[in-house]
Amino acid sequence: MTAPKPPRKLYIKTYGCQMNVYDSGRIADLLAPHGYAASDTPDDADMVVLNTCHIREKAVEKVYSELGRLRPLQQDKAARGGRMMVAVAGCVAQAEGAELQRRAPMVDIVVGAQAYHRLPELIAKAAREGGHALDTEFPAIDKFDSLPATASAPGVSAFLTVQEGCDKFCTFCVVPYTRGAEYSRPVAKIADEARHLVSLGVREVTLLGQNVNAFHGEGPDGRPWGLGRLIRHLADIKDLARIRYTTSHPRDMDDDLIAAHADVPQLMPFLHLPVQSGSDAVLEAMNRQHTADDYRRIINKIRDARPDIVLSSDFIVGFPGETDRDFADTMGLVREIGFVQAYSFKYSPRPGTPAAAARKQVPEAVKAERLDELLALLRVQQEAFWRSCVGRTMDVLFERKGRYAGQLVGRSPFLQGVHADAPESLIGQIAPVRIEEARTNSLLGALVSPCHGEAA
Ligand code: SAH
Ligand code: SF4
Ligand code: F3S
C-alpha cells in the first residue's frame, strides 16, 4: 500500500485590485484538485504564484524584488532535492511577457490574466522540460468555463467577477493593454456562481469588473443585459442579502442602473464612482469622455434615486499639464460632492500609454504637495461622515469574530467596519447596531436587541 501523498504547498501573493483578489481565489480553486493546499508563507512552498499589478510605477521593480526574496528559498528547496516552482501571473506578466524570464531565469511560468485557467497545463510543461512555460494570450474561449466551482468556504462576503477588460483607453491607464478588450460573462453563469456562493454561506456579493457598469452580458433571453438588470435578477436569489459592485465609470451609469439603487433594497447605498479630476481640461486630456458637469448631473440623479447614498472616488493629481487652477477645480468638486472616501494617486507615467509621452509633465514636488492637500481634505470629510454615524442605528452584516472575546466584526451598509459584542451565531446575519464611537478605521456599537441566539 502506498501512503497518501502529502499535499503540495501553494503560496499566492496578490497585488493590485479586487479582480486580482478574485483571480487568486480562483487559482487556488483550480490547483486544489491537483493536490495543492494554500499556505500563508512561501517557506518550503512547492508552488509560488505572484499575482501582479501594473497600474502604477515601480510595479515591475516590486516583482523583481519579491523574486529576489524568493530566490534563497527556491535554492534551499533545490538543495534538499525539491523544487519550488515560481509563476508570475496577472498584469505585469501580461505586460512584460518573456522579458520576465530573461531577466529572472528563476521564473518557471509567466501567465497572463486571461490565461491562468491553463496553469495546470503550464505547470506540467515547466516540470516536464525542467524549464519554462509562458502564456499571455487572450484566448477567445470563456476562461471562466474552464475554472472549477469554488470549493472552500469563501466567508460571508465574496467577490464575483462579471466583466473584464476595458475599451476606454484613458490616456494614463494600462488596463486596456493588460486585461484586453471588454468582455461580459453570460447572466446565467453569473447567477449560477452567485447561487453556489450563497450555498456556501455567502450573504453579500460584490460584482467586479474593471468597468463593471459597462456590463452587457448575454441574458437568458439571448439579448444583452445591463448591470441594473443583472442586479435585479441576482436580488431574487434567496438569502443573498447584499449586493455591491465596483469599479464603475461615470459614462456607463445608465438610468436603469440608477433606478436599481431606488428599487432594489439589497443594493447597498455606497457607490465607488471614480472621477479622477474636477477640471474639464484635464478630463479631456485623460480621454475620460465626460465633463465635471456630466459627473455632477449623474450624482444628482443617483441622489434622487437613493438619498442616503455615500460616494467614493479615485483621483489622479499631477496629470501632465494640470495647473494650480485645474487642481483647485478638483478640490472644489471634492467639497461639492462630499466624497467620504477616495483612493488618490500621483500621476505615474506608464510605458506605452499616450500621457507618458506628454511634454508638460508635472514636477514630483508639485504632485506631492497636491496629493497632501487632497488627502487632508478627504480626511476631514471622511471623519465628519464617520462622526455623523455616532448615535445612528445601522444594519450590520456580521462577518467574523473580532479580536476580543465576545466581539464580532461586520460591515455597515456604507462599507464601514463595525465592532460590536454579539454572539457567534450572528455571523452571516444582519442585525441592527447602535453606533457609539467612531475610531480611525472602524465603528464601535452595541446590538440594539441582543435577544438573538445564545446571548438571549
Ligand atoms: N476603471 C476604473 C479605474 C481602474 S484603475 C475607472 O475608469 O475609473 C484604478 C485607479 O488607478 C484609477 O481610477 C486611477 O485613479 C488609478 N490609476 C490608473 N492609472 C494610473 C496612473 N498611470 N497613475 C496614477 N494613477 C493611476
Ligand atoms: Fe483604465 Fe478605467 Fe480608463 Fe479603462 S476606464 S482605461 S480601466 S481608468
Ligand atoms: Fe492592477 Fe491589473 Fe488590477 S494593473 S489594478 S491588477 S487590472
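Trainee: What should I know before I start?

Mentor: The model is predicted: local features need pLDDT of at least 70, side-chain atom pairs count only at pLDDT 80 or more, and totals for chains, interfaces and linings use all residues. Residues are numbered from 1 along each chain as its sequence is written, chains are lettered from A and ligands numbered from 1 in written order, and side-chain values use heavy atoms, without hydrogens and water.

Trainee: How many helices and strands does the protein chain have?

Mentor: Helices (H or I, at least four residues) and strands (E, at least two) are DSSP runs, numbered from the N terminus. Here there are 13 helices and 19 strands.

Trainee: What does the radius of gyration tell me about the protein chain?

Mentor: It is taken over C-alpha atoms, and the globule rule is 2.2 Å times the number of residues to the power 0.38. For 456 residues, a compact globule would have a value near 23 Å; this chain has 23 Å, so the two agree. Its C-alpha atoms fill a box of roughly 65 × 65 × 50 Å along the principal axes.

Trainee: Is Trp386 buried or exposed?

Mentor: Buried means under 20% relative accessible area, exposed over 50%, and partly exposed in between (1.4 Å probe, protein chains only). Trp386 has 11% relative accessibility, so it counts as buried. Gln94 is buried too, at 12%. Across the protein chain, buried residues make up 52% of the 456.

Trainee: Which residues surround ligand 3?

Mentor: A residue is near a molecule if one of its heavy atoms lies within 4 Å of it. Around ligand 3 are Cys17, Asn20, Thr52, Cys53, His54, Ile55, Cys91, Arg179 and Gln210.

Trainee: How does the shell around ligand 3 divide by residue type?

Mentor: Ala, Val, Leu, Ile, Met, Phe, Trp, Tyr, Cys and Pro count as nonpolar, Asp, Glu, Lys and Arg as charged, and the others, Gly among them, as polar. The shell around ligand 3 has four nonpolar, four polar and one charged. For ligand 2, the division is seven nonpolar, two polar and two charged.
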